[in-house]
Amino acid sequence: MRKLLTAVFLGAAAINIDAQNLILSPDNIPEIISAMTAEEKVEMVVGCGAAWGNPEAKFLGTAGWTRAIPRLGIPSIYFADGPQGVNMTRTREYDTEDYSCTFFMSGSTLATSWDTEAAHSVGQAIGYELKERGLDVILGPGMNLHRNILCGRNQEYYSEDPLLSGKMAAAWIRGAQSNGVAASLKHFAANNQETNRKENDSRVGMRALREIYLKGFEIAVKEGNPWTVMGSYNYLNGVHACENEWLLTDILRKEWGWEGVVISDWDGVVKQADAAKAGCDLIEPGTDEDKNALLAALSDGTLPMEVLDRNVKDILELVVKCPSFSSYKYSNDIGREDHRRLLRRIAAESMVLLKNDGGALPLKPGAVALYGVSSYDLIPANMGVNGVNNGEYHVSLVQGLREKGFEVCGPLLREYTDYIATEKQKIESAYPSIYKQFFRYPRPAEIIPGSDRQISGETVSAAMTLDLGIRQSSSTSRLTLKEQAESNDAAILTLSRGTGEAFDRTAAEFELTESESMLIDSVSVAYHAARKPVIVLLNVPSPIQTVSWRDKVDAIVLVGQPGERAGESIADALTGEVAPSGRLADTWPVSYGDSSSDRNFPSETGQDLTSLVTPRSAREGRDLLRNIDYTDYEEGIYVGYRYFTTMQKEVAYPFGYGLSYTTFNYEKASAEESAGGFVVKVTVLNTGTVAGREVVQLYVSAPSGGLDKPLRELKGFAKTGMLAPGESETVEITLSREDLASWNEKKNRWETAKGDYVFSFGASADRMLTGSVIRIR
Ligand code: BGC
């Protein structure tokens, strides 16, 4: 590590100030700044290093903290990931306390609830755990847009739609910050691929930026008011996001009126002084090199002191709001049981019923046979750095079903369990360092089948992956498949995919492996011969291929990544104890290649491109590589359903789709102009025989006004309460004229075109149930 430069010349600012009795308070921030030396200011804007791997850190395994300056009463404040719970090391030496926190569902699973109250409750619970563990800033929510279904971090994010993403994020932030701790909205902005993530330039047109990639952030910032925003790793139209003045100052602060701290993503700053000038207040996790660069820039005049003062001011304004400032006496009582109950319910409600033929679901307790490795080894949530170190704890599907009185086929349980243990051991002994360093918790299902991977400098062979589709019933089974089908009431088969930060998924992973397809075939044939249903659970963070096999099975449930109560949540949804009322937050395409962004995404070549990634410094003299060094967002605003519905292109399942155990009627739909906007109403009636909740989706088709317009766009949504059979609820959605505006690139402004707007409530993006026209003059 390089020694910190001493900057004697810069200490002058502090010389005449008597700092003896000056102690930070919310009212004296300018005086405190005047009393700080230049070095202290630089210490303030550069973090103290990552807490993980640092045995001296106060909170082991967390993300970082800021410098304390005791002489001025400035305490450190502490950060933890985020967004699926508070990530910190579970055990500490000489201490018997379990420091794990609740591992909530992935963002993409929370999004399928379409329930902002649920997002609020989850944010609130996570903020509470953070505060009671003694920290101040939760590094979440993550809300980049699902531009492509193979982005490796989609599970942390919400949806392909900016309104759904923005509203969920805003509610989560309000929930988290209701505890008096800070949320950190991340990763700002257009950070939509993991391949070459620190070097890749997202080349996005202004209209797509405004309407799609910034829109969700704009909603979350204006409605959630996060105390911090995290800049992203990528470049945006040639300028690094953390050094992008247009993004961090002109848009975020001046245009949106936000006042808070911009934190860099971890090791996300390349040019420290440029970042500081652009409005990136805090460089994380922070190194001596960062500090030296800032001191050198102060000394040669390229970083004005006023800029540093402004950034320090932002940080101190955050510090005085945080629990550490008031020496909050945290309890380490995180409300675990309450939060587990909350998680269990919301995860079950978020599940999406994609198919349910012949009333296969809800299931009555009976004998069930579970197929597929993931039925015994679920991926409960995102397993990357942004997961939660809870020692791999989760409630298994077997346990969840047994608690409900199901009898789980014993021979299969034994055989799968043995297979998983043996394979895991093989993988762990082949790649011990990867397990320790990267995955934190060994979970072979995370190493994706299909191709070799570079992980932490080692090539991990595809052969070293668990065969997720293996059927443990051929040679070794004590029961043939036919006998299993005869002696059980139903088959439950789980397909899973895992991802984590730093990798994109490959196009091959979208497909089923040969063994997965064979498993579906053989199980379906055997169970249907015995007149028993086959239920498929999709334990996936984003879409996979369903069209080739969905007709062979009776029911399909997207369980997503439901968090640590996975088995119980799934059992609740399968039995109907909790009505699954999720709707897709993304379009599920028929094939990979169908979506508008597929042409401009790393997976396009079908290869693992990791080996082609080279640092910027090594690029000299060679042509820039498409989708690696830069990515063209050629599809513009036509992302997800905006593309599929406008082009009338077939999909496997549309955005907004999901069945229910009951049925609903939409009555008395109306759309009226009100002062400055519109009030749109509908009465939803439960016409079925069991209770349920309905997601009301409001789509608007706008007149062109001289611009290209998508067929329709989601402009509002709401979720009803639990409606008993025969019960109804009137849902009211209000919007403003600005909510209907499009970005005119030529005129560089938002415009709400004159003409006829069709307001419709839809069952999904491609099926409208009602419609009324309003003419805007
Ligand atoms: C991730 C962030 C995370 C940070 C701290 C980075 O690698 O991109 O999402 O908050 O690390 O762990």
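**Aromatic rings in a predicted model**

Mentor: Trp-114, Tyr-641, Phe-655, Tyr-699 and Phe-717 form one aromatic cluster. The model is predicted, so local features need pLDDT of at least 70 and side-chain atom pairs count only at pLDDT 80 or more, while totals for chains, interfaces and linings use all residues. Residues are numbered from 1 along each chain as its sequence is written, and side-chain values use heavy atoms, with hydrogens and water left out.

Trainee: How many aromatic pairs does the structure hold?

Mentor: A pair of aromatic rings is described by the distance of the centres and the angle of the planes. Rings of Phe, Tyr and Trp (its six-membered ring) pair if their centres lie within 6.5 Å; planes under 30 degrees apart are stacked, over 60 edge-to-face, and the rest tilted. The structure holds 18 such pairs. For Tyr-371 and Tyr-527 the centres are 5.9 Å apart and the planes at 80°, so this pair is edge-to-face.

Trainee: Which elements hold Tyr-371 and Tyr-527?

Mentor: Helices (H or I, at least four residues) and strands (E, at least two) are DSSP runs, numbered from the N terminus. Tyr-371 is in strand β11 (residues 367–371) and Tyr-527 in helix α19 (residues 514–529), 156 residues apart.

Trainee: Are Tyr-371 and Tyr-527 buried or exposed?

Mentor: Buried means under 20% relative accessible area, exposed over 50%, partly exposed in between (1.4 Å probe, protein chains only). Both tyrosines are buried.

Trainee: Where does the charged end of Lys-131 sit?

Mentor: A charge sits over a ring if NZ of Lys or CZ of Arg is within 6 Å of the ring centre and within 35 degrees of the ring normal. Lys-131 has its charged end over the ring of Tyr-328, 4.5 Å from the centre. Arg-210 lies over the face of Trp-743, 4.0 Å from the ring centre.
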